Amino acid sequence: MPQFNINQKLDELLATKFETEVIEFKEAKNDFSFEELGKYFSALSNEANLHNVECAWLVFDVEDKKHKVVGTNYRLDDKSLNNLKEEIAKHTTGNISFIEIYKCSRKDQDGNDKRILVFQIPAAPKGIPTAFKRINYGRDGEALVGLSTEEFERIRSQNVQTDWSAGIVPDATIEDLDESAIKKARELYKVRHSLKADEVDSWDDITFLNKAKITQKGKITRTALLLLGKDESEFMLQPADPKIRWILLDSTGRQKAFYISGIPFLNAIDEIYSKIRIIRYQYIVKEGTLFPEEVDQYDSFTIRESLNNCIAHQDYTKGCRINVIEGEDQLTFENAGLFIPNSVE
């Protein structure tokens, strides 16, 4: 990857005839309002997201109409300039801040070297508008304005529109899938589609996986790797940490034991289920009988349904594990992201 050249980038910025929603020039000869800087950070970050670019640019000290180099004394001390990243982060959504603050020099009209600051501002994360002091800002042409409702909703809806698990893994092949997991998937598919049971046996693996919508035209999806992938194929799912962790707690809440299962998740569900201690209770249900009925402490379907929901609705981009925490009288299921349904009582 070629090394980033800030001087070349500054030349490109200065060559632009007009400011855009993702490029802003400001005069800051000696100082600049921190409040205004925070508002521009929010606006430029949101506009970078909306214009599908990685970052936006704010330049001190260049006259904003004709791009005439003026030069700035803003935060001459390096420590004070570097502290600006932390100061901005304290007031932004998710504590995001400048990617970098570059110090450059350019000659003014009289041939004198002038100090220029170039602020590289990250695009707002998908689905999360960047606010400064809880207010979202945007641009209307060159003007700094509040982020419109339409733009706000456009950013917020990005997580809904993007299905990470459906993404194709370019280097993955069917060789990265576990044969035993595929065999198990076939059996489960035949149970659900009993009328096609005989037909399923005649399909090769790729045909079956396409029919089951686990792969797309023979290409391996992240879903395929999560459900059916070999353990050694886990690296292809980065930054996900595709693990299910069972934790056993004693009466004081201290950890007594644990077990971690990875992909393929289709097999991991059985492994985790086998670790849960399902005690059988005896109840005298009917009067006048000495024969009690036995009832499991936990219903098998409820446990498996909860695990399936954790897997299906985990936000794998957060790099978190799924946890099944077993106490003396309860089971707790944890995942990063949504959990549907909200209640499984």
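At 84% relative accessibility, arginine 134 counts as exposed, where exposed means over 50% relative accessible area, buried under 20%, and partly exposed in between (1.4 Å probe, protein chains only). Arginine 134 belongs to the loop between β5 and β6 (135–140); helices (H or I, at least four residues) and strands (E, at least two) are DSSP runs, numbered from the N terminus. Although arginine 134 is not a glycine, its phi is positive, at about 70 degrees.

The structure is a predicted model, in which local features need pLDDT of at least 70 and side-chain atom pairs count only at pLDDT 80 or more, while totals for chains, interfaces and linings use all residues. Residues are numbered from 1 along each chain as its sequence is written, and side-chain values use heavy atoms, with hydrogens and water left out.

The protein chain as a whole may be considered next. Its secondary structure comes to 11 helices and 15 strands. Of its 345 residues, 42% count as buried. Contact means heavy atoms within 4.5 Å. Of the contacts in the protein chain with a separation of 6 or more, 63% are between residues 24 or more positions apart.

Helix α1 spans residues 6–15, and its buried residues are Ile6, Leu10 and Leu13. These residues lie on the same side of α1 because they cover an arc of only 60 degrees around the axis; the arc is that of the directions from the helix axis to the C-beta atoms. Among the elements that cover the buried residues of α1 are the strands β1 (23–26), β2 (55–60), β3 (100–107) and β4 (113–122). At the start of α1, a side-chain oxygen of asparagine 5 comes to within 3.0 Å of the backbone nitrogen of asparagine 7. A polar contact is a pair of N or O atoms within 3.5 Å; within protein, one must be able to donate a hydrogen and the other to accept it, and residues adjacent in sequence count only if both atoms are side-chain atoms.

Helix α3 (residues 78–89) has the buried residues Leu81, Leu84, Ile88 and Ala89. Seen down the axis of α3, these residues fall within an arc of 130 degrees, so they line one face of the helix. The face turned away from this buried side carries the exposed residues Lys79 and Asn82. The buried residues of α3 pack against α2, β3, β4 and β5 (131–132).

Is glutamine 120 buried or exposed? At 11% relative accessibility, glutamine 120 counts as buried. Its side chain is joined to that of tyrosine 102 by a polar contact of 3.1 Å. Apart from neighbours within four places in sequence, glutamine 120 is in contact with Cys55, Ala56, Trp57, Phe98, Ile99, Glu100 and Tyr102.

The second largest pocket has a volume of about 180 Å³. On a 1 Å grid over the protein atoms alone, a cavity is a set of points where a 1.4 Å probe fits but cannot get out, whereas a pocket is an open set with protein on both sides within 12 Å along at least five of seven lines; lining residues have an atom within 4 Å of a point. Grid points are joined across faces, edges and corners, and a volume is the space filled by probe spheres set on the points. The lining of the second largest pocket includes Ala48, Leu50, Glu54, Lys126, Arg154 and Gln158. Helix α2 (residues 34–50) supplies the largest share of this lining, three residues. The lining divides into five nonpolar, three polar and three charged residues.

The peptide bond from phenylalanine 60 to aspartate 61 is cis, with omega near -5 degrees, and aspartate 61 lies in the loop between β2 and α3. Another cis peptide bond joins glutamine 238 and proline 239, with omega about 10 degrees; proline 239 is found in the loop between α9 (222–228) and β10 (244–249). Lysine 217, in the loop between β8 and β9 (219–220), has a positive phi of about 50 degrees although it is not a glycine. At 81% relative accessibility, lysine 217 counts as exposed. Alanine 212, in the loop between α8 (205–211) and β8 (215–216), counts as partly exposed at 23% relative accessibility.

Key:
Nonpolar A, V, L, I, M, F, W, Y, C, P; charged D, E, K, R; others polar.
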